[in-house]
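Student: I would like a close look at a single part of this model. Please keep the account plain and define the terms as they come up.

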Amino acid sequence: MATIDLTPLYRSTIGFDRMASILDAAMRVDTSTGYPPYNIEALEENRYQISVAVAGFDEKELELEVERGVLTVRGRKADEDGKQYLHKGIAFRSFERKFNLADHVQVEGANLKNGLLVVELLKVIPEQMKARRIPIGQTNLRTIESEGHDQAAA
């Protein structure tokens, strides 16, 4: 298995600790099976949609879960007792697909229609993370020198 050295990246970035684990997980993903097929679409700047082809699955046979920034889509087909097939070409096998979500991406909802499971995603950037201007010289910050002076005067 190949590994990526992210040391040069860490020299000039702050707070991207999760990136190493995401890249490592992406390199370990078994891509030998393409089941079920899916699309990821950018609808707007902060709105995304994942469409997973789940023909033959019912809503109660599908499960969506988000944990620690990973969206997991699972499908488990109910047992079909008493059915006798002469040919069975439609894949009803169980599956599990994982999608790594960026920080602040939330699952807004999901819908099953015409054999497609559509998951709506929205990136909500908190106010404190949005760009803002910082005024210079208009602050009440205490410096180390002024703290030492205050303590000496007391």
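Student: Which residue in E7 is the bridge partner of Ser51?

Tutor: The bridge partner of Ser51 in E7 is Val118. This is a predicted model, in which local features need pLDDT of at least 70, side-chain atom pairs count only at pLDDT 80 or more, and totals for chains, interfaces and linings use all residues. Residues are numbered from 1 along each chain as its sequence is written, and side-chain values use heavy atoms, with hydrogens and water left out.

Strand E7 (residues 116–123) pairs with strand E2 (residues 47–53) in the antiparallel sense, over 7 bridges. Strands here are DSSP runs of E, at least two residues long, numbered from the N terminus; two of them pair if DSSP finds at least two bridges between them. E7 also pairs with strand E6 (residues 105–113), again antiparallel, over 8 bridges. In that pairing Leu112 stands opposite Leu117 of E7. The hairpin of E6 and E7 has 2 residues between the strands, and Asn114 takes a positive phi near 55 degrees there.

Back in E2, the strand includes Gln49. Gln49 is buried, at a relative accessible area of 15% (buried means under 20%, exposed over 50%, partly exposed in between, with a 1.4 Å probe and protein chains only). Not counting residues up to four places away in sequence, Gln49 touches Val118, Val119 and Glu120, among others; contact means heavy atoms within 4.5 Å.

Val73, in strand E4 (residues 70–75), is buried with a relative accessible area of 1%. Its contacts beyond four places in sequence include Leu117. The C-alpha atoms of Val73 and Val119 are separated by 9.7 Å, at 46 residues apart along the chain.

Notes:
Helix = DSSP H or I, 4+ residues; strand = E, 2+ residues; numbered from the N terminus.
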